[in-house]
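Let's take a walk through this one together, a stop at a time. Have the model open in your viewer and follow along.

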Amino acid sequence: MIAQMKMNFSKSINRLILKLIFQLVILFLMGVVPAFADNPSKIFIVNSDATVTKYREVKLAFISQLNKQTNSTVEFTIDDNHTPEQLEKLIKSENPDLIFSIGSQAYQLSSQYGENKPILFSSAINWQRFGHRDNTFGIANELSMSQELSLSRYVLPGLNRIGVIYDPKFNTERIAEARKQATELGLTLVELNNFEADSLEKNVEELLSKIDILWLIADPSVLSDKDTVEKIFNLSTEHKKPIITYSNAFMSYGASLIIAADTPTMGRQAANLAQNILLHERIKEVVQTPAGSHIALNVCQLNKINIRYNADALDAVNQIIECK
Amino acid sequence: MSINTFTNINRCTIKTLLSVFFTLVLLIQTAPAGTTSTVFFYNPESSVDNFAALKSEFDDYLSNLGEFAFQPFSERATFETALTEKSQGIYLLSSWHYTQLNSKTPLEAKLVGVSKGELQQRKILTAKDISTISSLSGATIAGAGSDEYIKGQLQQMLGSEYSVIIPKIKLLSVPKDIDALMAVGYGVAGAAISSETSFNKLAMINPKQHAQLKKLADGEKNFLLIAAVTKVQKTDETPLLKVIEGMQDQEIGERKLKMLGLDGWKRIDALDASLSKQLR
């Protein structure tokens with residue numbers, strides 16, 4: 001009798017548990033029980049300077065690319081009214097799942113106050129100088145050497161001997177990479193790395209006589225002052241050699257071709273990477289090279305020095321400079 | 001001066017002003033609706049932010065040949081509003097967009113773009129480390145153009161068999177096809193969607209990266225850029241159409257066309273019937 005009662009009781013309990021599980025499954029399917037995945041991840045965006053257009057473009061593209069159902073954002077811009085101390089407090093109170101920093105200052109401060117939060121950076125010039133934590137990810141600020149050289153060859157074909165001036169103190173690794181990429185692309189890199197300020201003019205003239213195009217890279221020793229920059233550009237025009245470089249700032253000096261990273265693409269890349277980090281997916285490249293390019297072609301300068309460009313590449317050019 | 005005289009003067013002034021106003025209104029209404037004919041341009045297949053360059057180069061060219069102007073658009077909705085509200089001028093748009101729009105706002109294709117003798121192009125999906133379509137799940141696919149366009153091309157290429165994969169794919173919109181193809185080479189994307197022509201160009205630009213990419217799928221052939229007018233066109237655009245068609249005959253005009261990725265135009269009425277019926 002007692003055994004029978006125990007069996008019945010056990011059966012009832014089993015039925016009850018089954019019923020409960022069944023109801024929970026139904027409720028879950030109906031969306032009544034909030035799934036844990038519905039709880040959006042919080043991303044804290046730190047912007048170094050709201051007035052910088054490039055930063056603004058990155059931020060807008062990042063927000064627009066994010067999946068709004070699974071992510072929410074909080075923004076903080078460093079300025080006179082928003083101090084690093086406030087940032088520290090806000091990170092603590094908001095307790096975000098990820099910090100996205102735009103610009104070098106934002107990256108430095110996020111690393112300082114971000115505790116153990118994953119940090120994603122973009123638009124940080126020469127990010128390698130800031131050190132690197134385990135859970136730091138980013139989008140580099142410069143295009144890869146291979147992309148720069150490939151696009152240069154596409155727009156200005158037939159200019160196979162590329163001259164480059166650099167200080168080994170700053171650019172040894174970058175040039176080693178460029179040498180490798182140039183060989184793969186069938187280009188020859190002609191290097192000038194041993195020069196004194198007084199003999200720069202003579203050395204540049206010698207270099208220009210051996211090359212088809214001069215590649216001006218970010219090197220603080222070479223681009224030390226306005227006069228030096230002007231001298232290099234003037235000599236280059238005299239020798240009818242085009243200059244390819246990385247920033248629109250050199251357009252007024254007479255750069256023929258500028259190949260830079262496309263900033264909205266950097267924002268979209270960062271958003272995709274942020275989602276990979278938050279979903280704990282395997283990250284193949286911790287710091288990605290920018291995928292999009294922005295090309296400016298100075299047709300006026302090219303006509304002056306009688307250099308032809310590939311007209312079929314014009315649909316890839318963002319900006320065309322004509323003579324006024 | 002009495003109050004009455006003052007009131008009479010005021011009445012007189014108001015009358016004069018009103019008659020001037022009505023004359024002006026009448027003049028405006030009887031004048032041709034906009035003396036400048038405009039080319040409106042929007043292309044969802046490219047994200048190259050070159051609108052300022054396009055505007056200045058085309059305006060410069062067209063304005064030398066008559067009362068013509070060029071208006072590029074970065075937003076699809078704004079372009080479509082201009083099309084439905086104005087119903088005048090010439091609309092340059094991708095054939096993908098043309099097909100979609102044609103059902104809402106009837107259009108009449110007048111010219112089709114030509115590049116290297118071809119009127120059509122095919123989109124292809126290429127990858128380096130991904131060898132099957134089912135492995136695309138969770139991968140990032142880079143492509144030029146709007147997300148909507150890239151997704152549409154993917155759906156068409158992969159078909160219903162792989163429709164479950166598409167929501168699991170992350171899209172990365174880049175400015176141009178070459179960027180998308182190179183993004184695979186650098187490990188930023190798992191696969192790229194690009195035109196077959198751009199893939200062949202990569203062989204010249206970066207042979208090593210080209211050799212690493214394998215084709216996973218391809219889509220149907222589509223026309224290049226289309227020049228169209230609306231079927232309820234308010235103005236006669238024959239002079240502007242002639243100018244656009246003639247661009248390929250002048251070196252300077254041909255160079256402007258290159259900015260749109262074209263070498264020239266072909267008239268729709270000169271196409272083979274099997275081709276022209278695709279644009280009806």
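In which strand of chain A is the place of Thr136(A)? Bear in mind as you look that this is a predicted model. Thr136(A) belongs to strand E5 of chain A, the run covering residues 136–139. Is that residue buried or exposed? Its relative accessible area comes out at 0%, and under 20% counts as buried, so Thr136(A) is buried.

Now slide over to another spot in chain A. Leu98(A) sits in strand E3, residues 98–102 of chain A. Leu98(A) is buried too, because its relative accessible area is 0%. Again leaving out the neighbours within four places in sequence, the contacts of Leu98(A) include Lys42(A), Ile43(A) and Phe44(A). Pro118(A) and Leu120(A) also touch Leu98(A), and so do Ala274(A), Ile277(A) and Leu278(A).

Time to zoom out on chain A. It has 10 helices and 13 strands, and 48% of its 324 residues count as buried. Take the contacts in chain A with a separation of 6 or more: 67% of them are between residues 24 or more positions apart.

How does chain B look in the corresponding terms? It has 11 helices and 11 strands, and of its 280 residues 51% count as buried. For chain B, residues 24 or more positions apart make up 77% of the contacts with a separation of 6 or more.

Chain B also has some helix pairs to look at. Start with helix H3 (residues 76–86) and helix H4 (residues 95–104) of chain B, whose axes come within 12 Å and cross at roughly 50°. H3(B) and H4(B) are therefore oblique to each other, and their crossing is right-handed. On the H3(B) side, the contact is made by Arg76(B), Phe79(B), Glu80(B) and Leu83(B). H4(B) answers with Trp96(B), His97(B), Gln100(B), Leu101(B) and Lys104(B). Sorted by class, that contact has four nonpolar, two polar and three charged residues.

Next up are helix H6 (residues 177–185) and helix H7 (residues 196–205) of chain B, which pack at an angle of about 65° with their axes 10 Å apart. That angle makes H6(B) roughly perpendicular to H7(B). The crossing of H6(B) and H7(B) is right-handed. Here Asp177(B), Ile178(B), Leu181(B) and Met182(B) of H6(B) meet Ser198(B), Phe199(B), Lys201(B), Leu202(B) and Ile205(B) of H7(B). By class, this contact has six nonpolar, one polar and two charged residues.

Last stop: helix H9 of chain B, residues 238–245. Which of its residues are buried? Leu240(B), Leu241(B), Val243(B) and Ile244(B) are. Look down the axis of H9(B) and these buried residues fall within an arc of 160°, so they line one face of the helix. What do they pack against? Among the strands of chain B, the partners are E1 (37–42), E2 (68–72), E3 (90–93), E4 (107–114) and E11 (264–267), and helix H2 (51–63) joins in as well.

Methods
Residues numbered from 1 in each chain as written. Chains lettered and ligands numbered in written order. Predicted model: local features only at pLDDT ≥ 70, side-chain atom pairs only at ≥ 80, totals over all residues. Heavy atoms only, no water. Axes fitted to C-alpha atoms, helices over the stretch in contact; angles between N-to-C directions. Helix = DSSP H or I, 4+ residues; strand = E, 2+ residues; numbered from the N terminus. Parallel < 35°, antiparallel > 145°, perpendicular 65-115°, else oblique. Left-handed = near helix turned anticlockwise from the far one by under 90°. Contact = heavy atoms within 4.5 Å. Nonpolar A, V, L, I, M, F, W, Y, C, P; charged D, E, K, R; others polar. Buried < 20%, exposed > 50% of the residue type's maximum accessible area, 1.4 Å probe, protein only. Arc of directions from axis to C-beta.
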